[in-house]
Amino acid sequence: MRNLILFLTRNYYFILFLALETFSVFLIIQNNHFQRAHFLNSSNAITGNIYEMASGVTEYFGLKNQNYKLAQENVILRNQLRNSFGTKVNPNVSFKDSIHSKQFIYISAKVVNNSTNRRKNYLTLNMGKNQGITNESGVICGEGIVGIVRDVSDNFSSVMSVLHESARIPVEIKRFNENSILTWNGNDELYGQMERIPSHLEIRKGDTVLTSSYSTIFPEGVMVGTIDSFEKVAGNTFFNVTLKFSTDFSRLKYVTVAKNLMKEEQSNLETNSQK
Amino acid sequence: MINDVIKNTIRFLFLVLFQVLILNNIQLSGYLNPFLYVLFILMLPFQTPDWLVLLLSFFLGLSIDMFADTGGLHAASSVLMAFLRQPVLKLIAPREGYDVNQQPTVQQFGFGWFFTYAAILVVVHHFFLFFMEAFHLSEFFSTFFRVILSSLFTLTLVFISQFFFSKHKT
């Protein structure tokens, strides 16, 4: 017994170390269990209050989240805008019902995957069928157009970016209401191409290009970009125009999906009359 | 003596808060993750009883664990570090030994001494911490890389902090 006490007092340092270390490791292992000890986690009163105090200061650093909420709110407001309502009846005829019916519905989504460095670029959004996104919907963001929904799963959708070799988007030069088709040649993510702009138009560098009303995918008048340069094709009366996108494709975070509610009606009519 | 207790208590609270509120939010590319709170263990006065060093380190680690929800990860690493503090101090003791009034600081023992002292203990702490966290050796080199980078980051902060504490130490 005396020897034991002697041993303990002589080696108390090591024994205390072992005891504390064992207890710590025990805590680590217990922490991995599903039901963990509740007295030692960050939801207790002391740590909880300190975190709350700190969050009062760090609120400013959470602006990213705030931006997301604002984007959501924008969608709600955009849904109430006049230009998302198509005219259903001749406004000259008096009619009991409202004269506008909704044409575009906007859904906010987060970009969870994005590429700009390939020739065929796609984005993935965190919203899908369950959130009401359908195929062939236009995708826009605050700065301009983004792409067209190509595939939807239950909770995700795959978007063909404007930066895609086979993307063809009807656009118009705002100043002349001149329609054209926007394409991308697969080289520079900052610039797109527009062909066959009549050379009698006095286009200038910096002219605004918007989505045209010919598109059934995008709402009319969404910003696309500005004219960067143009050249006359030899022996022809057309300009080939290079356009600078207003969208920064490499930095997309939150986008808005525009779903055209009257698209089916319009395309059905068009295919029927062209038979 | 009383002065030392107050000083160290304040240092304890300050370092824990600084760690959990500021440094824990720094995670550069998933590799750099400084743990400046070990500065408390490094700077305990020489005359602190061994058992007290162990206990204080344990509670220091436990406080960090409570905030970071890591069970006893930091407690285990800190206790190991505190345990090795005594042998390391003995190993690198100057010829005339330590004076009761001295503090383990750059000002009193010079850069080389303090670097050896801090580097050994910080690397031990980080090594144990990151490998306990990973809990397997399959990503040995990536974990090892994290240990080295984070240790360098922590040591840099430790040295910077020396200039801050120097004013009220004589």
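Two residues are in contact if their C-beta atoms, placed from the backbone, lie within 7 Å. In the predicted model, 19 residues of chain B are in contact with 18 residues of chain A. The elements of chain B that give two or more residues to the side touching chain A are α3 and α4, where helices (H or I, at least four residues) and strands (E, at least two) are DSSP runs, numbered from the N terminus. The largest share of this side, seven residues, comes from α3(B). By residue class, the side of chain B that touches chain A divides into 13 nonpolar, three polar and three charged residues, with Ala, Val, Leu, Ile, Met, Phe, Trp, Tyr, Cys and Pro counted as nonpolar, Asp, Glu, Lys and Arg as charged, and the others, Gly among them, as polar.

Within chain B, the axes of helix α3 (residues 50–68) and helix α4 (residues 73–91) come within 7 Å and cross at roughly 155 degrees; axes are lines fitted to C-alpha atoms, for helices over the stretch in contact, and angles run from 0 to 180 degrees between N-to-C directions. That angle makes α3(B) roughly antiparallel to α4(B), a term used for angles over 145 degrees. The residues that make the contact include B:L54 and B:F58 of α3(B), and B:V79 and B:F83 of α4(B), and the residues of this contact divide into 13 nonpolar, six polar and three charged.

Chain A has five helices and 14 strands.

Residues are numbered from 1 along each chain as its sequence is written, and chains are lettered from A and ligands numbered from 1 in the order in which they are written. As this is a predicted model, local features need pLDDT of at least 70 and side-chain atom pairs count only at pLDDT 80 or more, whereas totals for chains, interfaces and linings use all residues.

Notes. Parallel < 35°, antiparallel > 145°, perpendicular 65-115°, else oblique.
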